[in-house]
Structures are given as structure tokens and as C-alpha cells.
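Subject: Structure for you to look at

Hello,

Here is the structure I said I would pass on. Please open it beside this message and follow along.

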Amino acid sequence: RYPDLVNDKAILVSPISHKVNRILRFLQSLVVILPADLISYITTRFLFVPHDKALFQKALLLTKQSASLITNKRALFKSASFSASYAISDYNLGGKDIMIIAGMKDRLVPIKYTKTLANSINARLKITQNTGHLINYENPAAIAKYIEDFINYCIFEKGLTDKTKESYKNDLEVYKLYLNDQGINDISNIKNTIIKKEKMVEYYF
């Protein structure tokens, strides 16, 4: 969809910016032994931050639904081992235009490591307050808004083909529909970005 931006831009949500500690690596190996529902509960309970029971139950349900799609224990173990053994920082991301979205209270990857990663690759870093590793469950409004801002920024970038700009505009409309469908109207205290003379200007509502 974006032929002139392949391998050029990326959005990372809750990236594994640093290898997880050894205890968590050991726990991840238990995914093939313990019941799937128990693993889903322990994982969600550990990663979920907001003190909102209804939101937690919704996140837990989504986690269980996702886990139910994986029936091959061997593939599950390989996936868990891979995520515990590697980090985004292991890969060369230099020269790319990247936005990182992370939770301030991420228990899996402390925010200090994500800040270090962002600085090392000159990425735009968006941090959401009172959220952990499951930002997409905990604060979907913030994620949608940040992505909308990033798409807006890309639309105004010089040198893009008309086809790419049109694709960006279409994606922007998709995100707006997502916000409406989710009933997300309150975007107070979410950092916004506007474009002035093709430069990003950030402010708070």
C-alpha cells in the first residue's frame, strides 16, 4: 500500500526494547505445562495495570480468545522462547522513521529501556500514563490518537507519491471510524500533534 515507504516507517506498540529478566524467561517456558486459561489469567494479571475490574475482564477474555487459537504446544513454546530471548534493540533500526508507543508502568519491559531504545534510534516516543504492557486493552483511545497523528504527519511529508498520500488518508478515516465504533470521545490529556509548515508541533488538549 505504501510502495515508496517500504522499510522506511514503522510503529512499535509496547516493544520488547530489552531482554526480559531470567525469572520471566523461566515462567514463559511453563506455557506448555500449565492450563491455557491459567496462563492467560496470570499473564493478563501481571501485565494489566489500571484498577478497572470491568476493563480487566474484557482484556482477559480477549487474551483467552487469542490463546485458544494456538493449539500447537510446540509452536507456542517456540514463540514464548523467541520473545524471551530477543529484543527490538537486537535489530538494526537505524535510518527508519519510527514511532514508539509504550506504557509508563510496563512491568515486562521497564520504561527506562524503551526510552534508551527511542534515543538510540531517534524515534518518536509516546508514553501513556497509568498503563502497562497491554496498552491496546488499557487505553485504546491513546493508541488510536497517536497513530492518527503519525498518519497525519506522513500525509504532509514531502516527496510522497499521490497514491501513498491517498492510502494514508484512507487509513486515517479507518482510525476515526474505530474511535467512533469504540465510543471513544474523551481524549483529554492525550498529547496531540498538529502540522505547521510540515513540522510536528505537539501540545496537550
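Below is what was found in it, beginning with the chain as a whole.

This is a predicted model, in which local features need pLDDT of at least 70 and side-chain atom pairs count only at pLDDT 80 or more, while totals for chains, interfaces and linings use all residues. Residues are numbered from 1 along each chain as its sequence is written, and side-chain values use heavy atoms, with hydrogens and water left out.

**The chain**

The protein chain has eight helices and five strands. Helices (H or I, at least four residues) and strands (E, at least two) are DSSP runs, numbered from the N terminus. Starting at the N terminus, the order of elements is β-α-α-α-α-β-α-β-α-α-α-β-β. Of its 205 residues, 37% count as buried. Buried means under 20% relative accessible area, exposed means over 50%, and partly exposed lies in between (1.4 Å probe, protein chains only). Among contacts between residues at least 6 apart in sequence, 71% join residues at least 24 apart; a contact means heavy atoms within 4.5 Å.

**The sheet**

Three strands form an open sheet in the order β1-β2-β3, with parallel pairing. Two strands pair if DSSP finds at least two bridges between them. On average, neighbouring strands here are turned by 10° against each other, direction ignored. For such angles, axes are lines fitted to C-alpha atoms (for helices, over the stretch in contact), and the angles run from 0 to 180 degrees between N-to-C directions.

β1 is joined to β2 (residues 97–103) by five bridges, and the two run parallel. Across this pair, lysine 9 stands opposite aspartate 97, and isoleucine 11 stands opposite methionine 99. β2 and β3 also pair in the parallel sense, over five bridges. Methionine 99 has arginine 124 of β3 as its bridge partner. Between β2 and β3 the chain passes through helix α5 (residues 111–121), and this β-α-β crossover is right-handed. The term applies if, with the strands pointing away from the viewer, the path from the first strand over the helix to the second runs clockwise.

How many of the seven residues of β2 are buried? Seven of the seven are, and the strand is mostly covered. In a regular strand the side chains alternate between the two faces of the sheet. In β2, Asp97, Met99, Ile101 and Gly103 point one way, and Ile98, Ile100 and Ala102 point the other way.

In α7, 14 of the 16 residues are buried, so the helix is largely enclosed by the rest of the structure. From first C-alpha to last, α7 reaches 22 Å, close to the 22 Å expected at 1.5 Å a residue. The expected span is 1.5 Å times one less than the number of residues.

Helix α8 (residues 162–181) has 20 residues and reaches 29 Å, close to the expected 28 Å. Its buried residues are Thr164, Ser167, Tyr168, Asp171, Leu172 and Leu179. They cover an arc of only 145° around the axis, which puts them on the same side of α8; the arc is that of the directions from the helix axis to the C-beta atoms. These buried residues pack against β1 and α7. The face turned away from them carries the exposed residues Asp162, Lys163, Leu177, Asn180 and Asp181.

Leucine 47 is in helix α2 (residues 36–47) and is buried, at 9% relative accessible area. Leaving out residues up to four places away in sequence, leucine 47 touches Leu108, Gly132, His133, Leu134 and Glu138.

Most residues other than glycine have a negative phi. Serine 14 has a positive phi, near 50°; it lies in the loop between β1 and α1 (22–28) and is buried. Asparagine 130 also has a positive phi, about 55°. Asparagine 130 sits in the loop between β3 and α6 (135–138) and counts as partly exposed, at 37% relative accessibility.

Regards
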